[in-house]
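Okay, thanks for coming, everyone.

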Amino acid sequence: TVVASCSGTFYDSGGESSEYQDEENYLMTFIPGLMGDKLKFVFTAFDVEENSTCNYDWLKIYDGPDASYPLLGTWCGTNSPGTVQATNIHGALTFQFHSDISQAGDGWVANFSCIEGDRKLSLNIHGEGSVDRNPDGTSIDGAYYYPVGTEVELTATPAEGYEFSKWVKDGVDYTESVMNVTMDENIAIDV
């Protein structure tokens, strides 16, 4: 299950007023409602079956959009995760829960919200040439990520035999080969 939101309350399967069930196994991923933000969970209650090695009932939390990302920890008993915040570029957290055949606990309550993260710069290059970015930003899947408020200078360099035409941002044409943008939001630019 994937939940895309920047606020809410995450309960175990028993919800607000019941225990979770025996023999549960599920994975739930939360992604921020706004690309670039990062999720933060604050556990206000936590109670799953106690075991010194967390082999019976447990909650695992991964710093990313699936269980292949780094494991932040495994919790059981009343040892609460407390506050957990995503540090990955996706801003996502994945929760994996397991309960054995007996002794369910009250479960958990965690309030979640988004904190401002990086903003995405997408450059759609039409024609031949390149765009230099200063600063470079973090490149992931063909896009560039910058902390909120970063001033980025973009310089278009056409390939030999080509001329620069224009930048197009939010439907507005810009004809200078150098463009400056402030990363206060996710930005897509055609060049």
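I'm calling something a disulfide when two cysteine sulfur atoms sit within 2.5 Å. The pair links distant parts of the chain, 108 residues apart: Cys6 is in the loop between strand S1 (2-4) and strand S2 (7-11), and Cys114 is in strand S9. Strands here are DSSP runs (E, at least two residues), numbered from the N terminus. The angle about the S-S bond of Cys6 and Cys114 is -85°, a left-handed link.

Before I go on, a word on where this comes from. It's a predicted model, so local features need pLDDT of at least 70 and side-chain atom pairs count only at pLDDT 80 or more, while totals for chains, interfaces and linings use all residues. Residues are numbered from 1 along each chain as its sequence is written, and side-chain values use heavy atoms, with hydrogens and water left out.

The disulfide of Cys54 and Cys76 is left-handed because its S-S torsion is about -80°. Count the bonded cysteines along the chain and the pattern reads 1-4, 2-3.

Now, are these cysteines buried or exposed? My cut-offs are under 20% relative accessible area for buried, over 50% for exposed, and partly exposed in between (1.4 Å probe, protein chains only). Cys76 is buried, at 4%, and Cys54 is buried too, at 15%. Cys6 has 25%, so we call Cys6 partly exposed.

On to salt bridges, meaning a side-chain nitrogen of Lys or Arg within 4 Å of a carboxyl oxygen of Asp or Glu. The structure has four of them. One joins Arg119 and Asp37, at 2.9 Å from N to O. Arg119 lies in strand S10 (residues 118-124) and Asp37 in the loop between strand S3 (25-31) and S4, so that bridge ties together parts 82 residues apart in sequence. Both ends are tucked away: Arg119 is buried with 5% relative accessible area, and Asp37 is buried at 8%.

Another bridge pairs Asp173 with Lys166, with the closest N and O atoms 3.2 Å apart. Asp173 is partly exposed at 43%, and Lys166 is partly exposed at 33%. Then there's Asp170 with Lys169, where the closest N and O atoms are 3.4 Å apart. In that pair, Asp170 is exposed at 62%, whereas Lys169 is buried at 16%.

Asp106 is in the loop between strand S8 (93-98) and strand S9 (107-115), and at 52% relative accessibility Asp106 counts as exposed.

Okay, that's my part. Over to you.

Methods:
Helix = DSSP H or I, 4+ residues; strand = E, 2+ residues; numbered from the N terminus.
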